[in-house]
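Here is my note on the model, point by point. Please read it with the coordinates open.

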Amino acid sequence: MTQQGDHINRLTDHLFRHEAGKMVSVLTKIFGPENLETAEDVVQDTLLQAMQIWKLKGVPENPSAWLFRVAKNKAIDIIRRNKHSVQYDFNDSERALLKSEYTLAATMDSLWKEELVKDDLLRMMFACCHPGISQENQVTLILKTLCGFSTAEIAKTFLSSEDTVSKRLYRAKEFFREHKIRFELPPEAELKNRTGAVLNAIYLLFNEAYNSTHSEAVIRKDLMDEAMALCRLLTENRLTQLPETYALMALMCFHASRNASRLTDAGEIILLPRQDRSKWNTALIDEGNEYMNLAASGDQVSSYHIEAAIAYEHCSAESFDKTDWRKILGLYDWLCRVAPSPIAELNKAVAVMEVHGPAEALKALLEIPERNKMESFYLFHSLLGEVYYRLNNFDDAKKSLETAIRLTQSDAEKKILRNKLAVLLN
Amino acid sequence: MKEYLFLFRGGDGRTLQQSPEKWQAHMQKWMQWMGALGEKGQLVSAQPLNATGKQVTGSKKLVTDGPFMEGKEMVGGYLMCKADSYDAAVDIAKGCPILEFDDGVVEVREIQELKM
């Protein structure tokens, strides 16, 4: 491919991801959630057309406006062809104007107004996180519709097959078709709960990006950016700016601030003690602090609050040795009470090891409630290996590390575990 | 409520179309006018018509081209709406942006219920 072509591909990849979600949202407002498929087709056609034309004529001065205009014109064609079709419901007062040529163009212009797009994105998020859609399907749907990820990229991110991802998307869209979901924010009484579901989906997205070592660095970065952008939208809207929204935002800022120091250029994991703290992004840490302050209102503490406080402790420690592990252990104790989860227990055990030593950590690990659930989880065995190693119990350390290697699918994780194992065998 | 058909004559927008800004501003008014009707649930449908046409006449079904009448006499579009009475329908018609043109005409006709 020519240099020009390469340049366009890089630019479009990023731009397309970002603009696709906006366009899908506006188009879903126009066609209704039951026609999400149509909205996605229009976006796909628009992006294809952009690629073809931009390669020949160069990228226009305002590429986003170009994309919006083309998508809008394609939508007008579809409305003209389908205004009497039962598949589309143009009965509410605003969309009814789309059926008359007198008002089609002006109404379309008003629906595509830049200042409305943020609200449309927000409504789209709530539609994707409808309680009738399973949690994993919610996340898949957000990735596809709002973050502009391809089925292949989603499959890679979740270590599942493209077939599985397609089926999940199909089921979610089927739900939209069968139940006439309105494209709007939930009523005030449901808002808090429904926002919780959206936050949870964003949290899962972010964690997937932050912790996954199997996807490409570029994709991980894009995914983290998208998750943060979605949450930022929630912080900007009066109805969704709850304390937990700010807390999640703070949490993501703190985590993301360490991004540059977590992996080597070759994609190998650098563990916290060895991370170059000068590479931490202080602007993001400051931003996280601001969100933390905003989160400190109301009388409810969410798991995001506590996790953000823990992340803050790590970010604010001058060096690994100066980390306030007692405080962190206290926060993990709290987290395990507020939102018990195997991951929280596991992380707590790390803090126990730093504060009380490996013997206590071993006890904590073996006493994790529902420990059988942990058996298939490589991190559990990896930590167990570390604990045994520090206890000079090399046989059990070796067994645990080998189990961990067997259980993880990530090459980067396998490599770290093998290195540990090699140290042990020497 | 009864149904009314508005027939639009005159008010040729073609000179206006030469300036995109003026044209947009004018169409914005159509959107406001019809939007208000729609919000009250009174709008049924509306479309502009091309200046071309065909006529089919009589039992011989004679086909001829065009209405070929002078521009301002030709029906250029229609709107169907619901209103309580002729008075109410006329009030609605008074808001029609075609009346910004001096030769613009809105003919208001009530839909007839045929005797069974």
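1. Start with Phe126(A). This residue sits in helix 6 of chain A, which spans residues 114-128. The model is predicted, so what follows describes a prediction. Phe126(A) has a relative accessibility of 1% and counts as buried. Its contacts, leaving out residues up to four places away in sequence, are Leu185(A), Pro186(A), Leu191(A), Arg194(A), Thr195(A), Val198(A), Leu234(A) and Thr240(A). One of these partners, Val198(A), is worth a check in the viewer. Phe126(A) and Val198(A) are 72 residues apart along the chain, yet their C-alpha atoms are separated by 6.5 Å.

2. Next, the cysteines. How many disulfides does a search of the whole structure find? The count over all chains is 0. Cys128(A) is in no disulfide, and the nearest cysteine sulfur, in Cys129(A), lies 6.4 Å away. Cys128(A) is buried, at a relative accessible area of 0%. For Cys147(A), the closest cysteine sulfur is that of Cys128(A), at 9.1 Å, which is too far for a bond. Cys147(A) is buried too, its relative accessible area being 0%.

3. Lys173(A) belongs to helix 9 of chain A, residues 162-178. Is Lys173(A) buried or exposed? Its relative accessible area is 8%, under the 20% limit, so Lys173(A) counts as buried. Setting aside residues up to four places away in sequence, Lys173(A) touches Leu36(A), Glu37(A) and Glu40(A).

4. Glu244(A) is the other one. Its place is in helix 12 of chain A. With a relative accessible area of 13%, Glu244(A) is also buried. Neighbours within four places in sequence aside, Glu244(A) contacts Lys192(A), Leu199(A), Ser302(A), Tyr304(A) and His305(A).

5. Helix 12 also takes part in a helix pair. Two packed helices are described by the angle between their axes and the distance between the axes. For helix 12 (residues 243-257) and helix 14 (residues 282-295) of chain A, the angle is about 160 degrees and the axes are 8 Å apart. An angle over 145 degrees counts as roughly antiparallel, so helix 12 and helix 14 of chain A fall in that class. Their crossing is left-handed.

6. Which residues of helix 12 of chain A meet helix 14 of chain A? From helix 12 of chain A come Pro243(A), Tyr246(A), Ala247(A), Met249(A), Ala250(A), Cys253(A), Phe254(A), Ala256(A) and Ser257(A). The helix 14 side of chain A includes Leu284(A), Ile285(A), Gly288(A), Tyr291(A), Met292(A) and Ala295(A). The residues of this contact between helix 12 and helix 14 of chain A divide into 14 nonpolar, 3 polar and 1 charged.

7. A second pair: helix 20 (residues 394-407) and helix 21 (residues 411-425) of chain A. They pack at about 160 degrees, with axes 10 Å apart. Helix 20 and helix 21 of chain A are therefore roughly antiparallel. Helix 20 of chain A passes helix 21 of chain A in a left-handed crossing.

8. The contact of helix 20 with helix 21 of chain A has its own make-up. Residues on the helix 20 side include Phe394(A), Lys398(A), Leu401(A), Glu402(A) and Ile405(A). On the helix 21 side, they include Lys414(A), Leu417(A), Arg418(A), Lys420(A) and Leu421(A). This contact of helix 20 with helix 21 of chain A holds 9 nonpolar, no polar and 5 charged residues.

9. Now chain B. Its secondary structure comes to 3 helices and 6 strands. From the N terminus, the order is β-α-α-β-β-β-β-α-β. The C-alpha atoms fill a box of roughly 45 × 45 × 20 Å along the principal axes. Of its 116 residues, 34% count as buried. Among contacts in chain B between residues at least 6 apart in sequence, 76% join residues at least 24 apart.

10. Last, His26(B). This residue is found in helix 2 of chain B, residues 20-39. His26(B) counts as buried, at 6% relative accessibility. His26(B) and Gly13(B) are 13 residues apart in sequence and 9.1 Å apart in space, C-alpha to C-alpha.

Definitions and conventions: Residues are numbered from 1 along each chain as its sequence is written. Chains are lettered from A and ligands numbered from 1 in the order in which they are written. This is a predicted model: local features need pLDDT of at least 70, side-chain atom pairs count only at pLDDT 80 or more; totals for chains, interfaces and linings use all residues. Side-chain values use heavy atoms; hydrogens and water are left out. Axes are lines fitted to C-alpha atoms, for helices over the stretch in contact, and angles run from 0 to 180 degrees between N-to-C directions. Helices (H or I, at least four residues) and strands (E, at least two) are DSSP runs, numbered from the N terminus. Angles under 35 degrees count as roughly parallel, over 145 as roughly antiparallel, 65 to 115 as roughly perpendicular and the rest as oblique. A crossing is left-handed if the near helix is turned anticlockwise from the far one by less than a right angle, and right-handed if clockwise. Contact means heavy atoms within 4.5 Å. Ala, Val, Leu, Ile, Met, Phe, Trp, Tyr, Cys and Pro count as nonpolar, Asp, Glu, Lys and Arg as charged, and the others, Gly among them, as polar. A disulfide is a pair of cysteine sulfur atoms within 2.5 Å. Buried means under 20% relative accessible area, exposed over 50%, partly exposed in between (1.4 Å probe, protein chains only).
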